[in-house]
Amino acid sequence: MSTPLPHPTGPRSYRTLLSPLDLGRFEVRNRIVMGSMHVGLEDRTSDAKKLAAYLGERARGGVGLIVTGGFSPDRTGRLTPRGAEANDRTLRGHEVITREVHEADGRIILQLLHAGRYAFHPLAASARSGRSPLSPFRARRLTRRGVGRTVEHFAGASHRAIEAGYDGVEIMGSEGYLLNQFLAPTTNRRRDRWGRGSEGRRALPLAIAAAVRAAIGPDSLLSYRISLLDLVPGGQTWAETATLARGLTERGVDVLSTGIGWHEARVPTIVTSVPRAAFAEQTGMLREIVDVPVVASNRIHDPAVAEQVLASGQADLISMARPLLADPHLPAKLGDGRASQVVACISCNQACLDKVFEGKRASCLVNPRAGHETELVLQPVTQRRARKVAVVGAGPAGLEAALAAAERGHVVTLFEATEELGGQLRLAARIPGKEDYAQALQSWRMRLAAAGVGIRLGFRPSAKDLLGFHDVIVATGVIPRVVDLPADDGPQVISYADLLEGRAEAGPRVAIIGAGGIGVDVAEYLTSARPSPTLDTETWKAHWGVVDADEHRGGVAPRDHRATIDEGSLAREVHLLQRKETRIGAGLGRTTGWVHRAELRRAGIIEHRGVTYQRVDAEGLHILEEDTERVVEVDTVVVCAGQVSVNDLAEKVVAARSGRTPRVHVVGGADVAAELDAERAIRQAVEVAASL
Ligand code: NAP
Ligand code: SF4
């Protein structure tokens with residue numbers, strides 16, 4: 001199935017998505033499920049109020065059903081030594097959470113997650129002993145008694161969840177955690193009743209489902225997150241998954257929520273370059289064989305795509321975790337005609353999953369209030385207290401500063417020297433696989449208009465032009481760093497901005513100076529197939545080796561069976577260079593960097609580390625590599641060596657003003673260009689807007 005990108009504003013009606021559904025135990029007000037996502041507020045009881053504010057805001061925003069982040073049923077199953085556990089002490093504090101959600105007419109269930117061999121501590125236990133690629137700790141083999149106790153722990157934790165006011169529980173049976181480890185032959189070679197044949201491997205999830213159903217009683221919801229495609233060699237076949245699904249419903253599971261890919265899978269499943277709704281076809285296959293509601297997930301972040309998936313009969317509900325981090329009011333906006341103002345998640349993972357994997361609290365790049373609802377507050381101001389605010393520069397920081405200030409009630413004018421909004425983000429949208437960034441920009445445009453921000457494009461205000469404002473927010477951003485490289489004829493030397501803006505073209509042999517985020521993006525831009533595989537699900541699946549799970553266990557083909565996308569690929573010899581000795585792309589995000597590194601390898605990019613740049617002449621780019629002089633013979637050198645701030649306006653306004661007005665604030669790249677970072681830029685912009 002190929003999913004075309006819908007028009008950014010989507011269909012006019014979200015009739016199916018917004019219609020209520022009877023889940024057997026109770027009705028949900030619409031088909032939008034906030035899928036489980038750990039945000040780092042689950043681990044400490046003292047954070048319960050912050051978690052309540054975070055989830056409460058989503059409930060007030062209209063979501064049908066919320067699934068909490070994962071809580072372990074016991075100490076062994078915790079993700080980290082101090083990770084979330086559903087014990088008496090922690091769940092006692094959860095009444096504040098369930099009350100907040102219920103007061104907003106929402107429904108909430110607690111997810112129970114046993115990490116198995118993914119646990120990051122010495123108590124880790126699994127179907128067999130051994131280490132996973134994700135944890136340095138060797139898991140011990142659970143004894144037969146240990147398995148039995150695990151079943152009891154799931155039941156006990158479920159009972160406590162209901163006592164704390166939850167409407168039910170979800171059993172986490174996907175993403176490669178304990179239950180997957182029992183289900184897959186690659187991780188379960190037991191010969192006892194918990195591992196003998198596929199029936200034995202299924203025994204633990206089925207026993208847990210039955211025990212949890214008995215523990216929560218007839219009025220509470222039981223959801224099971226099932227792995228439809230493990231995407232690891234030696235995972236489950238489709239026939240095994242289908243048998244498991246039927247067995248679960250026979251044991252009282254009310255809803256099957258679907259997951260794709262174990263965390264250790266080497267096929268991307270949620271990053272920006274994954275096609276929209278890439279795995280909805282698998283959910284449709286499940287829906288055909290069970291008679292309980294089925295939830296689709298994975299890159300269904302655009303409500304228009306969600307509506308398509310429901311309307312095509314592939315699912316009954318849609319799981320949206322990151323989209324609700326980006327916009328807690330997404331369901332309400334769809335309901336009252338503000339669909340075009342939904343804050344678009346760009347699946348970057350930068351402020352959410354990457355942070356969680358670093359042990360930090362998650363937030364959202366395009367919504368820094370996410371997870372910080374009690375700390376970063378945008379108080380409305382009365383008309384009398386409204387200030388006249390000028391924002392100069394319409395990159396991510398400027399856009400967000402203007403928006404947040406205007407939404408508070410200030411009178412805002414946004415100045416942009418070029419004819420378009422977006423700054424560096426506009427360049428990112430041109431990279432194959434980052435097509436969604438354009439939708440984020442469209443959402444900013446619509447929200448700025450709705451908030452009444454005055455926009456002056458193609459105008460570069462002087463200090464004098466700004467003296468009539470109470471506040472001036474300087475968000476003039478950055479310009480690409482120019483590298484001091486003696487050049488005597490030879491290859492043309494251009495910046496990444498020249499290339500991506502179309503002011504210059506690259507020849508067939510290219511050297512890229514600088515292998516940070518933008519250098520890697522440019523390497524992909526220069527070699528990726530056109531049209532981008534992200535826009536065609538079948539091509540993308542062939543590229544990553546995603547196949548029928550009955551053909552190859554786990555639904556992933558061995559490497560030598562995979563298609564290479566020669567057709568449409570730009571045949572270029574590309575060299576990617578950096579001065580550091582570290583691995584190329586080492587500074588990229590934890591959850592996204594490996595995808596980029598795999599693409600670089602696949603495209604045959606030639607990497608050079610620890611180099612010194614010498615000069616450019618008719619022979620090419622001269623470098624020193626491992627103390628040896630060599631020439632990289634190319635026709636184009638693209639400089640991706642970071643950026644420098646553009647902030648001289650701030651000083652000019654300070655020099656021109658009389659007294660202390662206007663107040664001057666510098667945000668984003670104009671403030672700090674080193675490691676230019678959209679997450680930091682946007683957060684800083686909102687903090688300044690909150691302080692006006
Ligand atoms: P960056 O990540 O700071 O990388 C610039 C690279 O240029 C550095 O790694 C540095 O490597 C090199 N460099 C710096 N000064 C130089 C000089 N004077 N001469 C030669 N080389 C020099 O900046 P970026 O690539 O422009 O990315 C900007 C921001 O956007 C970053 O925060 C980045 O993480 C983010 N971003 C991320 C992604 C992604 O995650 N996929 C994509 C795009 C952008 P050496 O010193 O080793 O040579
Ligand atoms: Fe989406 Fe990025 Fe925000 Fe995460 S940080 S919710 S991926 S926009």
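This is a predicted model: local features need pLDDT of at least 70, side-chain atom pairs count only at pLDDT 80 or more; totals for chains, interfaces and linings use all residues.

Q: At what angle do the axes of helix 6 and helix 7 cross, and within what distance do they come?
A: They cross at roughly 30 degrees, and the axes come within 10 Å. Helix 6 covers residues 197-216 and helix 7 covers residues 238-250.

Q: Is the crossing of helix 6 and helix 7 left-handed or right-handed?
A: Right-handed.

Q: And which residues make that contact?
A: From helix 6 you've got Ser198, Arg201, Arg202, Pro205, Leu206 and Ala209. Helix 7 brings in Glu240, Thr243, Leu244, Gly247 and Leu248. Sorted by class, the contact of helix 6 with helix 7 has five nonpolar, three polar and three charged residues.

Q: OK, next pair. How do helix 13 and helix 21 pack?
A: Helix 13 (residues 396-408) and helix 21 (residues 678-691) have axes that come within 8 Å and cross at roughly 25 degrees. That angle makes helix 13 roughly parallel to helix 21. The crossing is right-handed.

Q: Who's in the contact between helix 13 and helix 21?
A: On helix 13, Pro396, Ala397, Glu400, Ala401, Ala404, Ala405 and Arg408. On helix 21, Ala681, Ile682, Ala685, Val686, Ala689, Ala690 and Ser691.

Q: What about helix 1 and helix 3, what's their angle?
A: About 15 degrees, with the axes 8 Å apart. So helix 1 is roughly parallel to helix 3. Helix 1 passes helix 3 in a right-handed crossing. Among the contact residues are Leu51, Leu55 and Ala59 of helix 1 and Val96, Ile97 and Val101 of helix 3. By class, that contact has nine nonpolar, one polar and three charged residues.

Q: Switching to salt bridges: how many are there?
A: The count comes to 39. One of them pairs the side chains of Arg58 and Glu373, at 2.7 Å from N to O.

Q: Where do Arg58 and Glu373 sit in the chain?
A: In distant parts of it, 315 residues apart. Arg58 is in helix 1, while Glu373 is in the loop between helix 12 (353-357) and strand 13 (388-392).

Q: Last one: which residues surround ligand 2?
A: The shell includes four cysteines, Cys345, Cys348, Cys352 and Cys364. Arg322, Leu325, Ile346, Ser347, Asn349, Ala351, Leu365 and Val366 also surround ligand 2. By class, the shell divides into nine nonpolar, two polar and one charged.

Methods:
Residues are numbered from 1 along each chain as its sequence is written. Chains are lettered from A and ligands numbered from 1 in the order in which they are written. Side-chain values use heavy atoms; hydrogens and water are left out. Axes are lines fitted to C-alpha atoms, for helices over the stretch in contact, and angles run from 0 to 180 degrees between N-to-C directions. Helices (H or I, at least four residues) and strands (E, at least two) are DSSP runs, numbered from the N terminus. Angles under 35 degrees count as roughly parallel, over 145 as roughly antiparallel, 65 to 115 as roughly perpendicular and the rest as oblique. A crossing is left-handed if the near helix is turned anticlockwise from the far one by less than a right angle, and right-handed if clockwise. Contact means heavy atoms within 4.5 Å. Ala, Val, Leu, Ile, Met, Phe, Trp, Tyr, Cys and Pro count as nonpolar, Asp, Glu, Lys and Arg as charged, and the others, Gly among them, as polar. A residue is near a molecule or strand if one of its heavy atoms lies within 4 Å of it. A salt bridge is a side-chain nitrogen of Lys or Arg within 4 Å of a carboxyl oxygen of Asp or Glu.
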